[in-house]
Amino acid sequence: RSMSAPSRMEDAEEQHARRASDGEAHQGSTDAEHHARPLEVQEVVEKLNTVPAFKVVDDETGDIVPTPGKGGEACLCWYADPHDARVALAIVAAREPGRQLSLGTTPLGTALAMSEGWGTGLPSMPLRLQASSAVLRSVRDVLSPLPERAAAALNARTSAFPVFLMEELQS
C-alpha cells in the first residue's frame with residue numbers, strides 16, 4: 001500500500017518518539033555528568049519531548065494536515081502555541097469546509113528533529129516548527145539575529161524560536 005506524506009509523517013513521528021524513550025531507558029549517566037558536558041542532539045530531543053507541540057490533523061485518518069506557511073506555501077507545521085495552531089485549524093477548515101479537522105499533539109523534540117530533517121523516512125513536503133507568534137511579537141525588538149553559522153545550519157522554514165534561561169534563581 002502506498003502511504004501519503006502525512007501517513008509517513010505519523011510513522012516518522014512514532015519512530016522518533018520511540019528512539020527517544022529507548023534512549024531514556026538506556027541512559028546510565030548521573031545528573032552530574034549531564035551538567036558537566038554539552039547535551040548531545042538526542043538528549044536535547046528527549047528533554048524537549050516532555051513538552052507538546054500542536055498540529056492540525058485530519059480526524060478520519062489522524063494524519064497531519066498541511067497548513068499555510070510563510071508566504072502562503074503549504075507545509076506540515078507544528079506550533080509551540082495552541083492559539084497559533086487553532087488559527088491554522090480555522091484557516092484550513094475555512095478552505096476545506098467538508099473536512100473533519102482537529103488539533104493533535106507531537107512531542108516538541110520530535111517536531112524539532114523532524115523539521116530540521118534529523119532522521120529518515122521524512123516526507124518531501126516542507127516541514128516547519130513555529131514558535132509562538134505572541135512571544136515573537138513581544139521580543140521582536142530584543143531578539144538578536146542568529147550568528148550566520150547557526151542560521152545556515154537550521155531549516156529556513158523554522159522560525160525564530162526564542163529560548164529563555166535562568167542561570168541563577170534568587171529570592
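Which residue in E5 is the bridge partner of Cys77? The bridge partner of Cys77 in E5 is Arg128.

## Basis of the model

The structure is a predicted model, in which local features need pLDDT of at least 70, side-chain atom pairs count only at pLDDT 80 or more, and totals for chains, interfaces and linings use all residues. Residues are numbered from 1 along each chain as its sequence is written, and side-chain values use heavy atoms, with hydrogens and water left out.

## Overall architecture

The chain holds 7 helices and 5 strands. Helices (H or I, at least four residues) and strands (E, at least two) are DSSP runs, numbered from the N terminus. Along the sequence, these elements follow the pattern α-α-α-β-β-β-α-β-α-β-α-α.

Of the 171 residues in the chain, 36% are buried; buried means under 20% relative accessible area, exposed means over 50%, and partly exposed lies in between (1.4 Å probe, protein chains only). The chain exposes about 10600 Å², and carbon and sulfur atoms supply 55% of that area. Accessible areas come from the Shrake-Rupley method with a 1.4 Å probe; for residues, only the protein chains shown count as cover. Among contacts (heavy atoms within 4.5 Å) between residues at least 6 apart in sequence, 70% join residues at least 24 apart.

## Strand E3 and its partners

Strand E3 spans residues 74–79 and is mostly covered, with 5 of its 6 residues buried. E3 pairs with strand E2 (residues 67–68) in the antiparallel sense over 2 bridges, and with strand E5 (residues 127–130) in the parallel sense over 4 bridges. Two strands pair if DSSP finds at least two bridges between them. In the pairing of E2 with E3, Thr67 has Cys75 as its bridge partner.

How many disulfides does a search of the whole structure find? The search finds 0, a disulfide being a pair of cysteine sulfur atoms within 2.5 Å. The closest cysteine sulfur to that of Cys75 belongs to Cys77, and the separation of 4.8 Å is too far for a bond. Cys77 is likewise in no disulfide, its nearest cysteine sulfur being that of Cys75.

Both residues are enclosed: Cys75 is buried with a relative accessible area of 1%, and Cys77 counts as buried at 2% relative accessibility. In a regular strand the side chains alternate between the two faces of the sheet.

Asp58 lies in strand E1 (residues 52–58) and is buried, with a relative accessible area of 10%. Its side chain reaches the backbone nitrogen of Thr61 at 3.1 Å. The side chains of Asp58 and Arg99 are joined by a polar contact of 2.8 Å. A polar contact is a pair of N or O atoms within 3.5 Å; within protein, one must be able to donate a hydrogen and the other to accept it, and residues adjacent in sequence count only if both atoms are side-chain atoms. Leaving aside neighbours within four places in sequence, Asp58 is in contact with Asp63, Val65, Arg99, Gln100 and Leu101.

Asp81 is placed in the loop between E3 and H4 and counts as buried at 16% relative accessibility. Not counting residues up to four places away in sequence, Asp81 touches Phe54 and Ser132. The C-alpha atoms of Asp81 and Ala131 are separated by 6.9 Å, although the two are 50 residues apart along the chain. Asp84, in helix H4 (residues 82–95), is buried with a relative accessible area of 9%. The side chain of Asp84 makes a polar contact of 2.6 Å with the side chain of Ser133. With neighbours within four places in sequence left aside, the contacts of Asp84 are Tyr79, Ala131, Ser132 and Ser133.

In helix H3 (residues 41–48), Glu43, Val45 and Glu46 are buried. Seen down the axis of H3, the buried residues fall within an arc of 160 degrees, so they line one face of the helix. The arc is that of the directions from the helix axis to the C-beta atoms.

Helix H5 (residues 108–115) is mostly covered, with 8 of its 8 residues buried. The buried residues of H5 include Leu108, Leu112 and Met114. Just after H5, Gly117 takes a positive phi of about 75 degrees.
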